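Here is a friendly note to read with the model open beside you. Take the points in order, and find each element in the viewer as you go.

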Amino acid sequence: MKTLIYLDNAATTRVDPLVVKAMLPYFTKKYGNASEYHRLGMEAKMAVADSRKKVAEVLGAKTAEIVFTSSATESINLSHKGLIENLQNEFKKGERPHVITTKIEHKAVLETLRHMERKGEAQVTYLDVNKRGLIDLVTFKKAIKAQTVLVTIIYVNNEIGTIQPIKNIGKYLKEINKKRKRPIYFHTDATQAINYLDCRVNNLNVDLLSLTGHKINAPKGIGALYVREGVKIIRQMDGGGQEKGLRSGTENVPYIVGIGKALQLTEEDKIKKAKKVALLRDRLIKGVLQIPGVSLTGDKLVRSPHIASFLVDGVEGEAMILALSELGIIASTGSACSAADLAPSHVLTALGIPPEKSHGSLRFSLGKETTPGEIDLVIKVLPGIIKNLRVMAPKF
Amino acid sequence: MDNPFEIIYSKKVMNHFLHPKNVGVIKNPDGEATVGNPVCGDVMKFYIKVEKKGKEEYLKDIKFQTLGCGAAIATSSIMTVLVKGKPLKDAVKIGKKAIIEALGGLPPAKVHCSVLADTALKKAIIDYRKKKAV
């Protein structure tokens, strides 16, 4: 099998050779511990500082506001648990900090919040979304209470690509915070957004922002958290006090170098790249929707350039993924059959899609390297795959 | 936790998924049964033809239709291969364990919901006996 058409970039991306090149010296030559005051240590410390500067530049933030972590999941855990822990003593007994989020967050957010709910540390409102995956701003505003301390909303949903109105929410919260006794902090999970959308923290008016390297052509195992100056969070990892005491553990120098380089690369022709990818996405959507019994999930217009997601009637998603994979086409599904917990995707369920429909979900996520030829090949072979599987299925 | 066979399909599973045996419908079957439901994700329909040789009843023909994941299709296919031409009394003895063994293993998560083939066959045989009794 020679062809490899990788359309699972929302799951992870290929590491950019330029990123690898930037990282390599830090494994075998410049391998010092960034906390040591010798030559090798200083070299490592400089590399970490340089990467932090790059991340800060991309986000329009100050270097002191960037914390390196192992993943977006860790960033989210640190942000939410750290923020709530710091605010606990501001609340009287029987009163709990309130958090507003959506039903279509990544599990890193949902499970972190459920954990705090179970421990009695927070109360959480999970906002509904409409059929296209958008939250309703009126409902959102109504959900705010005196005890609300955190709003956490996913910027781009990883399954359906819908973009939430982060800028509007940020602006609104900034406005009402002026009159509130207790400020509301605003976090966004920008994991899927960082490659193509504006993630400058002052444009978004976010106080906290999580991101990960492996969705932007850096390796897996490195992430970052932006924490606005003045926002207090309590460390969740105790130890040697690295990352200004917020995230102990010896700095992962080569990976930190990698995420800095990768973020810097996302900035080059960002708008042009986003347009190119969006055009290919639209070409794919148009082609796939020609197949009978196929519909689009998410919003037609308010969607990230890289995600094309569908429901295919009368076919199970995993079977489509396997058949595509045999032809060298790599895609993904939210079908229960492919989930660790064998439950249908919580995102598709939140859109009001019944399980018998969400079993047939199919997601293609494009990357910077996707070509028109690859898209056309998918459009060419997918109808046959779907037809074969439908023929095999019983009529009921 | 890191046993790759807990998450990946064996060559035999892939082979039966990509080139399933005995897919289709038998017109005027002696017995048929549908198991599973679309809400759970997997639906299997089995059709059988039974032939009597002396006192023994044999599965002369068997066909299936399946809506489901790779494991559901592969287990349906291997089941038909395992039982085709066998006496009914032997065919009903083939359970989940034999199906999984014949496929060279299955990820544990796939066993519970997708290995419906043994139930489908047993129900098709029950249907045959009911029809015969009428």
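1. **Before you start.** This is a predicted model, in which local features need pLDDT of at least 70 and side-chain atom pairs count only at pLDDT 80 or more, while totals for chains, interfaces and linings use all residues. Residues are numbered from 1 along each chain as its sequence is written, and chains are lettered from A and ligands numbered from 1 in the order in which they are written.

2. **Chain A.** Chain A has 14 helices and 12 strands; helices (H or I, at least four residues) and strands (E, at least two) are DSSP runs, numbered from the N terminus. Its C-alpha trace spans about 65 × 55 × 35 Å along the principal axes.

3. **Inside chain A.** Of the 396 residues of chain A, 50% count as buried. A residue is buried if 20 or more other C-beta atoms lie within 10 Å of its own, exposed if 12 or fewer, and partly exposed in between, with C-beta atoms placed from the backbone. Among contacts in chain A with a separation of 6 or more, 70% join residues 24 or more positions apart. Two residues are in contact if their C-beta atoms, placed from the backbone, lie within 7 Å.

4. **Chain B.** Here you will find 6 helices and 3 strands, running α-β-β-β-α-α-α-α-α from the N terminus on. The radius of gyration of chain B is 15 Å, close to the 14 Å of the globule rule for 134 residues, so chain B is as compact as a globular protein of that length. Its C-alpha atoms fill a box of roughly 50 × 30 × 20 Å, taken along the principal axes, and 43% of the residues of chain B count as buried.

5. **Where the chains meet.** The contact takes 17 residues from chain A and 19 residues from chain B. On the side of chain A, helix H11 (317-326) and helix H13 (355-358) are the elements that give two or more residues. H11(A) gives the most, with 4 residues. By class, this side of chain A has 10 nonpolar, 3 polar and 4 charged residues. Ala, Val, Leu, Ile, Met, Phe, Trp, Tyr, Cys and Pro count as nonpolar, Asp, Glu, Lys and Arg as charged, and the others, Gly among them, as polar.

6. **A closer look at H11(A).** How many of the 10 residues of H11(A) are buried? The count is 8, so described as mostly covered. Among the buried residues are A:Met320, A:Ile321 and A:Leu322. The buried residues of H11(A) pack against strands S10 (307-312), S11 (329-330) and S12 (361-365) and helix H14 (372-392) of chain A, together with helices H1 (11-18) and H2 (70-83) of chain B. After H11(A) comes A:Gly328, with a positive phi near 85°.

7. **A pair of helices.** The axes of helix H3 (residues 39-59) and helix H9 (residues 253-267) of chain A come within 8 Å and cross at roughly 30°. H3(A) and H9(A) are therefore roughly parallel to each other. The residues of their contact divide into 10 nonpolar, 4 polar and 3 charged. Axes are lines fitted to C-alpha atoms, for helices over the stretch in contact, and angles run from 0 to 180 degrees between N-to-C directions; under 35 degrees counts as roughly parallel, over 145 as roughly antiparallel, 65 to 115 as roughly perpendicular and the rest as oblique.

Note on methods
Rg over C-alpha atoms; globule rule 2.2 N^0.38 Å.
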